[in-house]
Amino acid sequence: MTHHDEGKELQVGKKQEVSGQAEQTRSGPVFIPAVDIFETHSEINLVADMPGVTPENLNIDLRENTLTITGEMPPYEGKDEEDLLIEYEVGQYFRQFTIPEQIDQDKIDARLEDGCLNLVLPKAEAAKPRKIEVKSP
Amino acid sequence: MFTRGLRNFPAHGLHTHFGELDRMRRHLDQIFGQLGQPAAAARSAGVFPLVNLTETQDAYIVRAEIPGVAADKLDIQTMGRNLTISGERQIEVDPKAKYHRRERESGRFSRAIALPGDIDREKVSATLKNGVLELTVPKAQAAKPRKIEIK
């Protein structure tokens with residue numbers, strides 16, 4: 001494990017908003033969380049930035065080969081607060097992925113830490129690459 | 001006045017055209033605005049992290065979304081009316097893994113916010129919860145609104 005991009009200035013990333021109306025079931029903006037997806041021989045890892053989402057407002061659903069992540073950021077402002085500067089908005093997060101491999105659904109591990117979702121999807125035995133040994137006569 | 005008349009004369013004819021252009025521009029803004037450009041982005045300083053600033057009678061409240069930044073990688077300082085949030089977001093990379101998506105960015109950041117009134121620097125409090133930093137900055141006694149009783 002190494003840190004990459006050390007010393008680099010972090011740029012502001014605008015939250016990507018879903019513009020289609022069809023996905024929206026509730027009012028308020030819907031954002032696409034930024035993700036890292038990486039794969040090792042035994043598992044698929046997914047890390048998603050979902051600041052403001054609490055574990056009880058997070059929903060992960062794996063059906064067939066479609067992984068759906070939804071999360072809601074509850075409104076944070078108190079009643080007596082007045083806006084002075086608003087640079088970001090809150091609403092919902094929504095993103096879907098197609099997972100090509102067979103996943104051992106019982107062993108999926110999800111952790112929410114510092115506003116980042118860490119999802120570990122272990123591959124099922126059958127989907128793990130198997131090395132076939134070639135024997136010489 | 002002659003000068004005024006001169007200035008008004010061509011402007012009178014152009015006025016309607018500018019009005020028309022202005023209306024078109026507003027109309028286009030409206031259309032493009034609906035394509036998912038949040039209104040907030042226009043007012044943003046463009047520096048990480050994006051900040052929401054609100055106020056109550058007694059305090060300013062600063063919130064910023066900084067997912068993946070641990071509390072010990074965060075430095076918050078006040079100087080006069082200015083507040084600085086700086087830190088570093090580190091992302092661990094497994095060199096043996098095969099990456100399918102890499103959208104999350106890492107790096108250092110520093111953001112300064114000028115608060116509109118005097119603050120009580122001794123009593124600033126900060127919480128970091130679910131990747132959202134919330135700073136409560138109490139207003140200085142002099143900056144608080146005071147209700148004046150009418151006798």
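**Reading strands, cores and a chain contact**

Biologist: Six of the seven residues of strand β2 (residues 59-65) in chain B are buried, which leaves the strand mostly covered. How is "buried" decided for a residue?

Modeller: By counting neighbours: a residue is buried if 20 or more other C-beta atoms lie within 10 Å of its own. The model is predicted. Ile44(A) is a worked case: it counts as buried because it has 24 C-beta neighbours inside 10 Å. In chain A, which has 137 residues, 28% are buried.

Biologist: Which strands pair with β2(B)?

Modeller: Pairing is read from bridges. Strand β1 (residues 51-55) of chain B is joined to β2(B) by five bridges and runs antiparallel to it. One bridge pair is Leu53(B) with Val62(B). With three residues between them, β1(B) and β2(B) form a hairpin. Strand β9 (residues 132-138) of chain B is also antiparallel to β2(B), through seven bridges. There, Val137(B) in β9(B) stands opposite Tyr60(B).

Biologist: How many helices and strands does chain A have?

Modeller: Zero helices and 11 strands. As for sequence separation, take the contacts in chain A between residues at least 6 apart: 53% of them join residues at least 24 apart.

Biologist: What is the strand order in the open sheet of five strands?

Modeller: The order is β10(A)-β11(A)-β5(A)-β4(A)-β6(B), with antiparallel pairing. The edges are β10 (109-113) of chain A and β6 of chain B; each has a single partner strand, so one side of each is left without a neighbour in the sheet. On average, neighbouring strands of this sheet are turned by 10° against each other, direction ignored.

Biologist: Where do the two chains meet in that sheet?

Modeller: Between β4(A) and strand β6 (residues 98-102) of chain B, which run antiparallel and are joined by four bridges. Asp36(A) has Arg102(B) as its bridge partner, and Ile37(A) stands opposite Arg101(B).

Biologist: How many residues does each chain bring to the contact?

Modeller: Chain A brings 46 residues and chain B brings 50. On the chain A side, β1 (2-3), β4 (35-39), β5 (43-49) and β8 (82-86) each supply at least two. That side has 18 nonpolar, 12 polar and 16 charged residues. Residue counts are one way to describe a contact; the size of an interface is often given as the accessible area lost when the parts come together.

Biologist: Which residues touch the most other members in the largest nonpolar core?

Modeller: That core has 21 residues, and the ones in question are Val35(A), Leu46(A), Val47(A), Ala48(A) and Leu117(A). Strands of chain A that each supply at least two of its residues include β7 (66-72), β9 (92-98) and β11 (116-122). Val35(A) also reaches across to the other chain: among its contacts beyond four places in sequence are Leu46(A), Arg101(B), Glu103(B) and Arg104(B). A second, separate core of 17 residues includes Leu53(B), Val69(B), Leu83(B) and Ile119(B).

Key. Residues numbered from 1 in each chain as written. Chains lettered and ligands numbered in written order. Predicted model: local features only at pLDDT ≥ 70, side-chain atom pairs only at ≥ 80, totals over all residues. Contact = placed C-beta atoms within 7 Å. Nonpolar A, V, L, I, M, F, W, Y, C, P; charged D, E, K, R; others polar. Pairing = 2+ DSSP bridges. Buried ≥ 20, exposed ≤ 12 C-beta atoms within 10 Å, placed from the backbone. Core = buried A, V, L, I, M, F, W, Y, C linked by C-beta atoms within 7 Å. Axes fitted to C-alpha atoms, helices over the stretch in contact; angles between N-to-C directions.
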